[in-house]
Amino acid sequence: MSPMLTLPAPAKLNLFLHITGRRDDGYHTLQTLFQFLDFGDSLSFQLDSGTGVRLSPDLPGFDPAENLVVKAANKLRSYIGSPPTGVTIHLDKRIPMGGGLGGGSSDAATTLLALNRLWGLDLHTDELASVGLELGADVPVFVRGHAAWAEGIGEQITPASPVEDWYLVLIPPCTVNTAQIFRHERLTRNSKPIRIAPAFDGNHSDYRNDCEALVCELYPAVEQALQWLRSECGNARLTGTGACIFSRFPTESGALAVLRNRPSGIKGFVAKGLNSSPLHNRLTELL
Ligand SMILES: C[C@@](CO)(OP(=O)(O)O)[C@H](O)COP(=O)(O)OP(=O)(O)OC[C@H]1O[C@@H](n2ccc(N)nc2=O)[C@H](O)[C@@H]1O
Ligand SMILES: Nc1ncnc2c1ncn2[C@@H]1O[C@H](COP(=O)(O)OP(=O)(O)O)[C@@H](O)[C@H]1O
């Protein structure tokens with residue numbers, strides 16, 4: 001039996017998200033600031049003597065073939081032509097699905113980096129990021145492993161260093177469909193492009209999430225949670241296309257105090273913002 005490699009797949013926040021246009025292929029141009037969280041999924045990888053990709057456990061009501069972990073492993077297998085071995089993967093899922101926390105994309109990135117290491121492929125990060133982009137617009141930022149400004153459809157990435165504050169993340173009891181939000185006629189798509197500033201951290205009322213108004217209109221649970229969080233601590237914002245919302249705090253204890261007070265029926269957690277991905281930190285430790 002080969003040794004097992006266990007790696008983290010961190011969640012992300014979009015500290016702001018401006019939509020600046022729509023391309024002919026329907027994808028949207030945006031400007032966003034990504035930061036990782038010290039909260040996420042965990043994946044374990046073990047090579048085996050087979051040729052296929054096996055994933056456990058099944059996510060309830062979800063076709064395993066559609067899991068981005070399996071898709072990432074298969075995409076890498078076709079990219080290299082002849083996979084050296086099979087692999088068995090265990091996914092410990094903690095990031096809420098469809099929450100705007102990037103769990104699927106992060107799981108995919110962790111799978112690409114793990115198999116690059118275990119199969120001894122030595123593919124460059126640029127190559128892994130372009131394989132990842134075919135799986136989703138957010139995968140490259142997780143592959144590169146640094147907090148970043150993203151432009152284009154999310155694939156043009158510039159490393160950034162926003163303040164590593166504490167965040168309270170609330171999980172309203174609903175799942176938002178990203179494609180539904182992007183195809184909606186009432187989504188605003190005309191934010192004026194801003195210039196990237198190295199010290200900028202999105203913590204300003206001029207910066208917002210352009211999906212927020214529409215998501216609140218379509219998902220009252222998100223609007224209620226946002227109103228509550230704003231009444232408690234002033235700042236609160238949607239991440240990605242939701243449904244999760246977050247508020248920033250200078251201390252962990254401040255965030256935990258508001259979490260304890262949350263309305264019944266809403267889950268949440270407190271986590272620290274990280275500019276360096278725990279996945280990359282772990283891979284470096286293992287070198
Ligand atoms: C907008 C973000 C911000 O982080 O939202 P979240 O998904 O995290 O909430 C992401 O870039 C989303 O990335 P991801 O979830 O990987 O999206 P994809 O699978 O690539 O695309 C899902 C659907 O969203 C639309 N889409 C996505 C990204 C983009 N820049 N323009 C789009 O119009 C497309 O209709 C696409 O079919
Ligand atoms: N391993 C995975 N974890 C989460 N979602 C996945 C996974 N594989 C495929 N998906 C699909 O990707 C969608 C987006 O998931 P996720 O990345 O967690 O949220 P978001 O894009 O809102 O940040 C899910 O609703 C689900 O249909």
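The shell around ligand 2 divides into five nonpolar, ten polar and two charged residues. In this classification Ala, Val, Leu, Ile, Met, Phe, Trp, Tyr, Cys and Pro count as nonpolar, Asp, Glu, Lys and Arg as charged, and the others, Gly among them, as polar. The model is predicted: local features need pLDDT of at least 70 and side-chain atom pairs count only at pLDDT 80 or more, whereas totals for chains, interfaces and linings use all residues. Residues are numbered from 1 along each chain as its sequence is written, and chains are lettered from A and ligands numbered from 1 in the order in which they are written.

Ligand 2 is surrounded by 17 residues, of which Leu68, Gly98, Gly103, Gly104 and Asp107 are the closest; a residue counts as near a molecule if its C-beta atom, placed from the backbone, lies within 6 Å of it. Two or more residues of this shell come from each of helix H1 (68–80) and helix H2 (103–118). H2 gives the largest share, four residues. Helices (DSSP H or I, at least four residues) and strands (E, at least two) are runs numbered from the N terminus.

Around ligand 1 there are 20 residues, and His28, Gly136, Ile153, Phe182 and Gly240 come nearest. By class, this shell has seven nonpolar, twelve polar and one charged residues. Strand E1 (5–22), strand E2 (28–48) and helix H5 (178–183) each supply at least two of its residues.

E5 and E6 form a hairpin with four residues between them, and Gly152 in the turn has a positive phi of about 65 degrees.

The largest nonpolar core has 70 residues, among which Val69, Leu112, Tyr167 and Ile245 touch the most other members. Such a core is a set of buried Ala, Val, Leu, Ile, Met, Phe, Trp, Tyr and Cys residues joined through C-beta atoms within 7 Å; buried means that 20 or more other C-beta atoms, placed from the backbone, lie within 10 Å of the residue's own. Beyond its neighbours within four places in sequence, Ile245 is in contact with residues including Leu170, Val222, Leu229 and Arg237 (contact: C-beta atoms, placed from the backbone, within 7 Å).

UniProt, in an unreviewed entry, lists residues 211–260 for "domain: GHMP kinase C-terminal"; such annotations may be inferred rather than shown by experiment. The span is 60% helix and 14% strand, with its end C-alpha atoms 28 Å apart.

Note on methods:
Buried ≥ 20, exposed ≤ 12 C-beta atoms within 10 Å, placed from the backbone. Contact = placed C-beta atoms within 7 Å. Pairing = 2+ DSSP bridges.
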